[in-house]
Amino acid sequence: MKIKKKHKITVIGLALFLALCCPVAALAFDPWSNVSGYWISADGKTPIKGALKKGITITKYQNRAGEINWKEVSRGDISFAMVRLGYYNDPDPYFKVNMTGAASVGMDTGVCFYGNATTVEGARREARYVLDMVKEYRVSYPIAYDVESQELLEEGFTRSQITDQVEAFCKVIEDAGYRAVIFGTNEWLTLHMDTKRLPYDIWYSRYGLANNFENRTLWRCTDMGTVRGIEGSVCLEFVFEDYGKTYKGTGWRMINGKRYYFEDHRLIKNITMEIDGSVYSFDKDGNARMSK
């Protein structure tokens, strides 16, 4: 049937109106995908406001599901990895493998540490342990502190006590020149910590669409993500801060009483180089000696 010109204009106009007024309802994309520079949320419709890059958290559970193909991971839309370190004196058995694997493809990395300290000094001791464990690797994203422990609550730790321990850990990390981030669910961050007392980045864990939280720079959106090069499910993360610009990667750092020099987040060792007009020799452990 031939459509009259007037009716054809009306139909075209209606289609344009629907497309302009209801673009989200009319279109659907894969959750967590990038469409024209915008990341799309779980519903396949809603842009994630302010999200810059997508990343993953890697733990021993991904390694045990199958060998990670970091080249394949990097060929996708994954830009950074938060790598599980584990607990105090109980490291993730794949920490080294995962840090070196991510580094081999030039991927930015941060570190996840699970605290079980019961005192402020214990939290500081945990932080010093973490610094010893990570200084050999290029850590260009924050070091995360996760204290979500039912044991703390069962033992009667107050919101103030937990906050004190988190603050102590993060201060040691940042005094050493690294960036700290506090990991937590909405419940832990609101009920069991006083985040207004903590001037540190927040890694907000909340599945679904909601992702706003004060000082939130990272968001865990799901633990059921799929990524090429990784067997099984993986946690997906989004970053809202450009750490490449805000996290200093070159300069001197005092780590557990010793002075080291880092260049682009890498520990300098086995080399002689000039820094600010002075010549330093660095041994295999990164210890510096000024040349005469």
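This is a predicted model: local features need pLDDT of at least 70, side-chain atom pairs count only at pLDDT 80 or more; totals for chains, interfaces and linings use all residues.
The buried residues of H8 are Ile162, Thr163, Gln165, Val166, Ala168, Phe169, Cys170, Val172 and Ile173. In general, an α-helix has 3.6 residues a turn, so residues three or four places apart point the same way.

Over the whole structure, a search for aromatic pairs returns 20 of them. In one of these, the rings of phenylalanine 113 and tyrosine 145 are stacked, because their planes meet at 10 degrees, under the limit of 30 degrees, while their centres are 6.3 Å apart. This pair links distant parts of the chain, since phenylalanine 113 belongs to strand E6 and tyrosine 145 to strand E7, 32 residues apart. Phenylalanine 113 counts as buried because its relative accessibility is 1%, and tyrosine 145, at 1%, also counts as buried. A further pair, formed by tryptophan 252 and tyrosine 280, is edge-to-face, because the planes of the two rings lie at 65 degrees, with the centres 5.1 Å apart. As tryptophan 252 lies in strand E12 (residues 251-255) and tyrosine 280 in strand E16 (residues 278-282), the pair ties together parts that are 28 residues apart in sequence. Here tryptophan 252 counts as partly exposed, at 26% relative accessibility, whereas tyrosine 280 counts as buried, at 10%. Ring pairs also link Tyr88, Phe113, Tyr129, Tyr145 and Phe169 into a cluster, and Phe169 is among the buried residues of H8.

For the protein chain as a whole, the secondary structure amounts to 10 helices and 17 strands, and the C-alpha atoms fill a box of roughly 90 × 50 × 40 Å along the principal axes. Of the 292 residues, 46% are buried, and among contacts between residues at least 6 apart in sequence, 57% join residues at least 24 apart. The chain exposes about 15,500 Å², of which carbon and sulfur atoms supply 52%, and the mean positions of its 39 positive and 36 negative charges are 9 Å apart.

Note on methods:
Residues are numbered from 1 along each chain as its sequence is written. Side-chain values use heavy atoms; hydrogens and water are left out. Buried means under 20% relative accessible area, exposed over 50%, partly exposed in between (1.4 Å probe, protein chains only). Helices (H or I, at least four residues) and strands (E, at least two) are DSSP runs, numbered from the N terminus. Contact means heavy atoms within 4.5 Å. Accessible areas come from the Shrake-Rupley method with a 1.4 Å probe; for residues, only the protein chains shown count as cover. Lys and Arg count as positive and Asp and Glu as negative; His and the chain ends are not counted. The place of a charge is taken as NZ of Lys, CZ of Arg, CG of Asp or CD of Glu. Rings of Phe, Tyr and Trp (its six-membered ring) pair if their centres lie within 6.5 Å; planes under 30 degrees apart count as stacked, over 60 as edge-to-face and the rest as tilted.
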